[in-house]
Amino acid sequence: MPFGGEKRNKADKWGKKVREDKKTPKFNKPVQKKTEGRAKPQYIEEAEDRDDYYINLIEGRNPVLEALKSGREIDKLFVQSGQLEGSIRQIIAIARDKKILIKEVDKAKLDRMSATKSHQGVIASAALYKYYEVDDILEIAKEKAEDPFIVILDEITDPQNLGSILRSCDGAGVHGVIIPKRRAASLTPIIGKISAGAVEYVPVAKVTKLNQTMDYLKEKGLWIAGADASGDPYYEKDMTGPLALVVGSEGKGLGKLIKENCDFIVGIPMAGKISSLNAAVSCAVVIFEAKKQRALKNSAGSLQDGSIH
């Protein structure tokens, strides 16, 4: 069971014609604005705006709100005209407190900017997502006085799966996620939208070789569990100590060498006709079992510490 170009548009400087071919998307035809002095072509204005926000966008009310709360560096906030009610008011209030430039624009403008096509009337232009080191993730667990709890993704290329996994990891108390530099989905605005803002709270590390990283984590005292249909039922395994769970890709599952490098394998028993769950759902099932086990262990430990002898 598997556990689970378009190039950036570049407008030439003032006065130069933008090349229009198959590789360069067409801008709108120049439209002279009725302003004092010489009018500026509409397509150049759009190109300049594109330079402002193209690097990274955060789209949708929840993702933008969580980005603001987390302290993410935001350059500009684009708000749809007339959409100033509900959570948008809270977003604007926080942005004003942080001295962030707020632009009120029409829906057509946001539609052109949007990569997800689900901006909900607000888009933020932000700095690129930060990747962490593996040691940073281990240090986070240490600062919380908790056993490290890490998820490793083996060639998860679908942004939907990565975004969903990040959201589940945030809810389950995972300290960080490790992904390979090649053949894997990366952090993008679409991931931010799918994860409902969890990408702002779950540290993600990119590594060159997963097997070497697994060996390093073993040296640091972590047990490595692999998620695969051939494994024992996940709820029968002790997942209360320092743990890293490896989740395989949707189509191939765990790679052979990755699977061999795991300390033990866990699976999800299936009762129906379908032999497996998708990677994101499988990951959520196992990490929330680990969360439950850890909570029970901590609760038992607290009762024992407070008992009368």
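**Exercise 1: A covered strand**

Strand β9, residues 243-247, is mostly covered, with five of its five residues buried. The model is predicted: local features need pLDDT of at least 70 and side-chain atom pairs count only at pLDDT 80 or more, while totals for chains, interfaces and linings use all residues. Residues are numbered from 1 along each chain as its sequence is written, and side-chain values use heavy atoms, with hydrogens and water left out.

Task: determine which way the residues of β9 point, and which strands pair with β9.

Solution. 
1. Terms: buried means under 20% relative accessible area, exposed over 50%, and partly exposed in between (1.4 Å probe, protein chains only). Helices (H or I, at least four residues) and strands (E, at least two) are DSSP runs, numbered from the N terminus.
2. Leu243, Leu245 and Val247 point one way from β9, whereas Ala244 and Val246 point the other way; all are buried.
3. Two strands pair if DSSP finds at least two bridges between them. β5 (residues 149-153) pairs with β9 in the parallel sense over five bridges, and Leu153 has Val247 as its bridge partner in β9.
4. β8 (residues 223-233) also pairs with β9 in the parallel sense, over four bridges. Here the bridge partner of Trp223 is Leu243.

**Exercise 2: An enclosed helix**

Task: explain why helix α2 is described as largely enclosed, and state what its buried residues pack against.

Solution. 
1. Helix α2 (residues 61-70) has seven of its 10 residues buried, so the rest of the structure largely encloses it.
2. These buried residues are Arg61, Pro63, Val64, Leu65, Glu66, Ala67 and Leu68.
3. They pack against β1 (57-59), β2 (74-80), α3 (87-97), β4 (122-126) and α7 (189-194), where contact means heavy atoms within 4.5 Å.
4. Just after α2, Gly71 takes a positive phi of about 90°.
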